[in-house]
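Subject: Structure for you, with notes on its packing

Hello,

Here is the structure I promised. My notes follow below.

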Amino acid sequence: MRITQRVKKILANYESDSPGTKTSLARILMEGKLGGSGKLVILPVDQGFEHGPVRSFAPNPPAYDPHYHYQLAIDAGLSAYAAPLGMLEAGADTFAGAIPTILKLNSSNSTATSKDQAITGSVEDALRLGCSAVGFTIYPGSDEQFEMMEEIRELAEEAKSVGLAVVIWSYPRGGELSKQGETAMDVTAYAAHMATLLGAHIIKVKPPTDALEQDEAKKVYKAQKIDISTLSKRIAHVVESCFAGRRLVVFSGGGAKDTAALLDEIRAIRDGGATGSIIGRNTFQRPREEALDLLSSIIKIYQGKV
């Protein structure tokens, strides 16, 4: 694996990490059509746990098969494929070494009432399956947030000790947050910063809106004249909140949207200086050829071609 100067510069930002962990991170950064560019497009398929199989896969029935997602990520030239334990196990041998994988270590489900997730995988599982990284979700704002933070602190320490990278999904919800507040500018930047402080190599958040949730934060945004008028400026503010861009920040694809709206959002994410996208339902719920065309367009945007 030849590592580009751009990737070497990114790895230098992770000053406490071992050569093993940096190698795992480099595998993701050097993979696929964006390999070496410092940009990432990752396929996450944890929606079966989160929303159930019918809501996740019935729109495109071939997606019930775990092999479908491995192959989609490989054929599209993506940076990595992230999924819970069972999904990765179902294709681990067939696709061994074909694409970097990220084992999602915790999951929720749509029958739950608490804003929490169960630990459903281990660092040992990730090693056994040849993963490059582990993933974990925290819910800033939830009554369970501190327990979740303690869990990822312990798991991240273990993962880094054996040379794995750490990806944190930081999704504000619960507590006194309004529904609008879950993606508000101040709350999203705060959630991304928390994931950074918890030691994540890659931070995943949702694209923020121009809403402001917290009264004390509103005062500072106004006093400092922080411009959040466009999505690209809001993305830039989130990136700045992650150690002034010293950490890799990717944004989710969110709920279903038409192709034009999705590509406009991707352009704003690129223009805001983010690392890239981690996009699931908006790709695997489409017919395979349509999904491949869409992913090709997304990659070209991050390449600066369109």
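**Helix packing and the barrel**

Helix H11 passes helix H12 in a right-handed crossing. A crossing is right-handed if the near helix is turned clockwise from the far one by less than a right angle, and left-handed if anticlockwise. Helices (H or I, at least four residues) and strands (E, at least two) are DSSP runs, numbered from the N terminus.

Some ground rules. The model is predicted, so local features need pLDDT of at least 70 and side-chain atom pairs count only at pLDDT 80 or more, while totals for chains, interfaces and linings use all residues. Residues are numbered from 1 along each chain as its sequence is written, and side-chain values use heavy atoms, with hydrogens and water left out.

**H11 and H12**

H11 covers residues 231-241 and H12 covers residues 259-271. Their axes come within 7 Å and cross at roughly 45°. Axes are lines fitted to C-alpha atoms, for helices over the stretch in contact, and angles run from 0 to 180 degrees between N-to-C directions. The two helices are therefore oblique to each other. On the angle classes: under 35 degrees is roughly parallel, over 145 roughly antiparallel, 65 to 115 roughly perpendicular, and the rest oblique.

On the H11 side, Leu231, Ser232 and Ile235 make the contact; they meet Glu265, Ala268, Ile269 and Asp271 in H12. Contact means heavy atoms within 4.5 Å. By class, this contact has four nonpolar, one polar and two charged residues. Ala, Val, Leu, Ile, Met, Phe, Trp, Tyr, Cys and Pro count as nonpolar, Asp, Glu, Lys and Arg as charged, and the others, Gly among them, as polar.

**H14 and its partners**

H12 also packs against helix H14 (residues 288-302), at an angle of about 25° with the axes 9 Å apart. That makes H12 roughly parallel to H14. The crossing is right-handed. Residues of H12 in this contact include Leu262, Leu263 and Ile266; among those they meet in H14 are Leu294, Ile298 and Tyr302. The contact of H12 with H14 has eight nonpolar, two polar and two charged residues.

Helix H5 (residues 66-76) is another partner of H14: the axes come within 10 Å and cross at roughly 40°. That makes H5 oblique to H14. H5 passes H14 in a right-handed crossing. Tyr68, Gln71, Leu72, Asp75 and Ala76 in H5 meet Arg288, Ala291, Leu292, Leu295 and Ile299 in H14. The count by class is seven nonpolar, one polar and two charged residues.

**The barrel**

Eight strands close into a barrel, in the order E1-E2-E3-E6-E7-E8-E9-E10, with parallel pairing. Two strands pair if DSSP finds at least two bridges between them. The twist averages 25° from one strand to the next. E1 (residues 40-44) and E10 (residues 276-278) pair over three bridges. Ile42 stands opposite Ile278 in E10.

**Salt bridges**

The count comes to 13 salt bridges, each a side-chain nitrogen of Lys or Arg within 4 Å of a carboxyl oxygen of Asp or Glu. One of them joins Arg128 to Glu89, with the closest N and O atoms 2.8 Å apart. Arg128 is in helix H7 (residues 123-128) and Glu89 in helix H6 (residues 85-89), 39 residues apart.

Best wishes
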